[in-house]
Amino acid sequence: MRAVIHPPASLDPFVCLLPVAGRPLIVRQLQWLRANGVEQVVVVLPPSALGDAVARRLADEPVSRDVYLLREEVSVREAARRAGFPDDASFVALPYDVLGDGDLTRLLAKAEAAGARGVLAPPCALPWRRHPTVDVLGPDPRAERRTVVGPGWGVSVRTLGEALELGDAILRGRLPEAGPEHLFPVQVHGVEIAPGVWTTRGARIHPRARLVGPAWIDRDCVVEAEAQVGPGAHLSAGAVVTRGGRVVRGDLGEDAMLEEGTRLVDAAATIGGGVRGVRCGEATSATVRPRPRWNARATLVAAAMMIATLAMLAL
C-alpha cells in the first residue's frame with residue numbers, strides 16, 4: 001500500500017503538529033498507516049518554517065523511517081508521481097487533520113480504478129460529530145469517485161482543544177479496543193502513574209504535586225510541590241510547572257516554564273508564541289518563560305575563574 005499525507009485546503013497546516021496523547025497528530029497518522037501495512041508514504045510539507053518544524057519532529061520518530069518529504073505546494077497526484085508511485089496503482093490520500101483506526105485495505109478493495117471516498121464515523125467518546133473522509137485515488141483521474149462507508153472510527157482534529165479532547169479519550173481508555181472493525185488502537189507511549197495520568201522517561205514529579213487525570217507529562221518535565229497538572233493537561237518535553245502553578249485543560253509547550261502561582265487554564269503556552277486560548281480565543285493570565293538550563297561548560301569556566309580570583313587575593 002501507498003499513501004500521501006497532505007495539507008488540507010481550508011485549514012491551517014499547523015494542525016499536523018497538534019499534540020495527541022504525547023505525540024503530534026502527523027506521527028499518529030503514520031502509526032495508523034504503518035499498522036495498515038503502508039510501505040511507501042510521502043508527506044507534502046509547506047515550503048515554510050512550519051515545514052522545517054515538521055521535518056525536525058519527524059526525524060526523531062522511528063515510524064517516519066523511509067518517509068519521502070516533499071517541500072513544495074503540489075497536488076496529491078503530483079506528490080505521488082514524484083515519490084515514484086506506479087501509475088496503475090491506487091493509493092490513500094490522507095489530509096493532515098484526519099485520524100482513524102480502521103483497516104484501510106478494505107477501503108482500498110472497494111476503490112477499484114475510479115477510486116473511492118471513505119466516510120468515517122467519529123467515536124462516541126468525543127463531543128464533536130464531524131464525519132471526516134479518507135480518499136483512495138485510482139489510476140483514472142477523470143473517473144468520479146464513489147462514496148462508501150469507511151472502516152473503524154475517524155476524527156477530524158482542527159483545533160488544539162479538539163486535540164486535547166482526543167488525547168483525553170485515549171488516556172482514559174475510552175476509544176474502541178482492537179477488533180475486526182478497529183485495526184489500530186492508538187498507543188500511549190508511557191506509564192500510567194495515577195488513573196488517567198501518563199508520563200515517560202526523565203520526568204520529575206514532586207510527591208506533593210497534585211495530578212488529576214487525564215493528563216500527559218512528557219520526558220524531562222518537572223512538576224514541583226503544590227503544583228496541579230490536569231485534568232485535561234498536556235506537558236510537552238522539558239516543560240516545568242513551578243510551585244503552586246496549575247495546568248488545567250491546557251498545553252504547556254516544550255521547555256516552557258509556568259511561573260510560580262500562575263494558572264494555565266483552557267489555554268496553550270509556548271516559548272515565543274505566548275499564551276492563547278484553546279477554545280474561545282481568550283488568553284489566560286499565565287506567565288511563561290523559557291526553562292533555565294544548566295550549562296556544564298559555563299559552570300566549570302565560572303568556577304575556574306572564581307578559584308583564580310581567590311588565589312590572587314590570597315597572595
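**Helix packing, voids and backbone of a predicted model**

Colleague: Which elements are included in what covers the buried residues of α2?
Modeller: Helices (H or I, at least four residues) and strands (E, at least two) are DSSP runs numbered from the N terminus, and a contact means heavy atoms within 4.5 Å. Buried is under 20% relative accessible area, exposed over 50% and partly exposed in between, with a 1.4 Å probe and protein chains only. The cover over the buried residues of α2 includes α1 (25-35) and β5 (68-70).

Colleague: At what pLDDT do side-chain atom pairs count?
Modeller: Residues are numbered from 1 along each chain as its sequence is written, and side-chain values use heavy atoms, without hydrogens or water. This is a predicted model, where totals for chains, interfaces and linings use all residues, local features need pLDDT of at least 70, and side-chain atom pairs count only at pLDDT 80 or more.

Colleague: Why are the buried residues of α2 said to be on the same side?
Modeller: In α2 (residues 49-59), the buried positions are Leu 50, Gly 51, Val 54, Ala 55 and Leu 58. They lie on the same side of α2 because the arc they cover around the axis, taken from the directions to the C-beta atoms, is only 140 degrees.

Colleague: Which residues are exposed on the other side of α2?
Modeller: The buried set of α2 includes Leu 50 and Leu 58. On the other side of the helix, the exposed residues are Ala 49, Arg 56 and Ala 59.

Colleague: What share of the residues of the protein chain counts as buried?
Modeller: The chain holds six helices and 26 strands. Among its contacts with a separation of 6 or more, 54% are between residues 24 or more positions apart. Of the 315 residues, the buried share is 48%.

Colleague: Which element gives the most to the lining of the largest cavity?
Modeller: On a 1 Å grid over the protein atoms alone, a cavity is a set of points where a 1.4 Å probe fits but cannot get out, and a pocket is an open set with protein on both sides within 12 Å along at least five of seven lines; lining residues have an atom within 4 Å of a point. The whole structure has one cavity of 30 Å³ or more, and its lining includes Pro 19, Asp 168, Trp 216 and His 234. Two or more lining residues come from each of α5 (160-171) and β18 (233-235). With five residues, the element that gives the most is α5.

Colleague: How much space lies in the largest cavity?
Modeller: Grid points are joined across faces, edges and corners, and a volume is the space filled by probe spheres set on the points. For the largest cavity this comes to about 60 Å³.

Colleague: What is the volume of the largest pocket?
Modeller: Its lining has 30 residues, and those nearest its centre are Leu 17, Pro 24, Arg 57, Ser 236 and Glu 254. At least two lining residues come from each of β3 (23-24) and α2, and the largest share, five residues, is from α2. The volume of the largest pocket is about 880 Å³.

Colleague: What is the volume of the second largest pocket?
Modeller: This pocket is lined by 16 residues, with Pro 95, Asp 97, Val 98, Thr 133 and Arg 158 nearest its centre. The strands β6 (91-95) and β9 (133-137) each supply at least two of the lining residues. The volume of the second largest pocket is about 220 Å³.

Colleague: What is omega for the cis peptide bond that joins Gly 230 and Pro 231?
Modeller: Most peptide bonds are trans. A cis bond joins Gly 213 and Pro 214, with omega about 5 degrees; Pro 214 is in the loop between β14 (210-211) and β15 (215-217). Pro 231 is in the loop between β17 (228-229) and β18. For the cis bond between Gly 230 and Pro 231, omega is about 0 degrees.

Colleague: What is the positive phi of Arg 249?
Modeller: Asp 220 has a positive phi near 65 degrees, sits in the loop between β15 and β16 (222-223) and is partly exposed at 37% relative accessibility. Arg 249 lies in the loop between β20 (246-248) and β21 (251-252). Arg 249 is also partly exposed, with a relative accessible area of 34%. Although Arg 249 is not a glycine, its phi is about 50 degrees.

Colleague: How far apart in space are Arg 263 and Arg 246, C-alpha to C-alpha?
Modeller: Arg 263 is in strand β23 (residues 263-265) and is partly exposed, with a relative accessible area of 43%. Arg 263 and Arg 246 are 17 residues apart in sequence, and their C-alpha to C-alpha distance is 4.6 Å.
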